[in-house]
Amino acid sequence: MGSLGNSANSKAVHEAGEDDYDHHKHLSPTHQQLDAGALFVLKSKGSWLHCGYHLTTSIVAPPLLSLPFAFTFLGWAAGIISLVVGALVTFYSYNLLSLVLEHHAQLGRRHLRFRDMANDILGQRWGRYYVGPIQFMVCYGAVIACTLLGGQCMKAIYLLSQPNGSMKLYEFVIIFGLLMLVLAQIPSFHSLRHINLISLFLCLAYSACAAAASIYIGNSSKGPKKDYGLKGDTESRIFGIFNAIAIIATTYGNGIIPEIQATIAPPVKGKMFKGLCVCYTVLIITFFTVAITGYWAFGNHSEGLLLSNFVDDGNPLVPKWFILMTNLFTILQLSAVGVVYLQPTNEVLERTFADPKSKELSARNVIPRVVSRSLSVVIATTVAAMLPFFGDINAVIGAFGFMPLDFILPVVFFNLTFKPSKRSLVFWLNVSIAVVFSALAIIAAIAAVRQIVLDAKTYRLFANV
């Protein structure tokens, strides 16, 4: 990759679709066949700052508003320890993944996708039948979850102004789906950089609002009596702990590190680390503030989404305009998060339907792009509207998907690529992480399936929850 970075033509690289091809031609043997997905969706033009924006949008998202709920199963000490461990392990494993990607880039084989890495390191079958499918499931699951959550936040705003209003949840999900439909047409991951910068400020904004409202309610007589005891019998407490771990793991989850690193202009060395530092600065401010203030204010009455605690039996506990503003920030960021998690789907669609020999914005490529992306958003919106209990399903996807992609595979890839000595601390640390999180993933998946079985009797298609 060094020769590319230093060549006189490097400034001209990526000026046009053909130049995109010239650049990607050097990436790896798998890209010698013109690959429209790599060419148009995963353009390598960004800086480390852009990378920081993408990372922040993909990790610091509205699911962080369920952290106080996770604490209700763990209590203070275990809750804070889980948050700290989650931050340390994911920061470490994302950096390992980045080092593996940089190593392959220096060898002249730059991987642009998770499944390319798996193909190269673990073999074709792993990439095709394991990593590719679980990444697609995780990312598409995240799109559906964002659409559902966006609809729920819109409904919350509606009920504030019309307490006896007749509009149903699925109608709001469809409205949010229309917003996603427009944003999904943005051509490449790199072209989301400005949206993701706004998204970074939005997550700081709604986290600050959520923390301020929690402190206000916690100090007033309006809030519930503070009780930090763990609820339920022994069985439900044990399953609750693993459910909480799955929630925290999903909150820290990313699943698209290689695709984000693919947006960085060569040479890539060291840029991902800076991007992760930007992301984790925002993450520590938001995750810990929201989790601690929310749990302090509401104790074991914390709801699955913290914003639901700000209304008690239809009575807002903070001014209405404040709830409206917090929900609005959340809705806007959800649309950005949804579009980021659409990128792996877009890349697959582009590879399947686009012609890499035509220009990116030629009619030959624009028409299939608009049709296929619109269809993928319509399907996600339909699933979100039909299954308002998708949160339970997402817990299973989180255990099966985010845990392997973000906690287990990075350390495995590192050990297989760099082959550290079996007497070294790094080798055993990586093996320990892989073993512990594999066990947690299996138990969390069982706990999530149990939750679905328990809640199944309340499930209704198109339910107005």
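Biologist: Are Phe114 and Phe413 buried or exposed?

Modeller: Phe114 and Phe413 are both buried, a term for a relative accessible area under 20%, with exposed meaning over 50% and partly exposed in between (1.4 Å probe, protein chains only). The model is predicted: local features need pLDDT of at least 70, side-chain atom pairs count only at pLDDT 80 or more, and totals for chains, interfaces and linings use all residues. Residues are numbered from 1 along each chain as its sequence is written, and side-chain values use heavy atoms, with hydrogens and water left out.

Biologist: How many aromatic pairs does a search of the whole structure find?

Modeller: The search finds 20 aromatic pairs. Rings of Phe, Tyr and Trp (its six-membered ring) pair if their centres lie within 6.5 Å; planes under 30 degrees apart count as stacked, over 60 as edge-to-face and the rest as tilted. Helices here are DSSP runs (H or I, at least four residues), as are strands (E, at least two), numbered from the N terminus.

Biologist: Why is the pair of Tyr158 and Phe172 called tilted?

Modeller: The ring centres of Tyr158 and Phe172 are 5.2 Å apart and the planes stand at 50°, so the pair is tilted. Tyr158 lies in helix H7 (residues 124-161) and Phe172 in helix H8 (residues 169-183), 14 residues apart. Both Tyr158 and Phe172 are buried.

Biologist: Which residue lies over the face of Trp296?

Modeller: Lys226 does, at 4.8 Å from the ring centre. The criterion asks that NZ of Lys or CZ of Arg be within 6 Å of the ring centre and within 35 degrees of the ring normal.

Biologist: How many disulfides does a search of the whole structure find?

Modeller: The search finds zero disulfides, where a disulfide is a pair of cysteine sulfur atoms within 2.5 Å. For Cys146, the nearest cysteine sulfur is that of Cys153, 10 Å away, and Cys146 is in no disulfide. Cys277 is likewise in no disulfide, as the nearest cysteine sulfur, that of Cys279, is 9.7 Å away.

Biologist: Why does Cys277 count as partly exposed?

Modeller: Cys277 has 29% relative accessibility and therefore counts as partly exposed. Cys146, with a relative accessible area of 8%, is buried.
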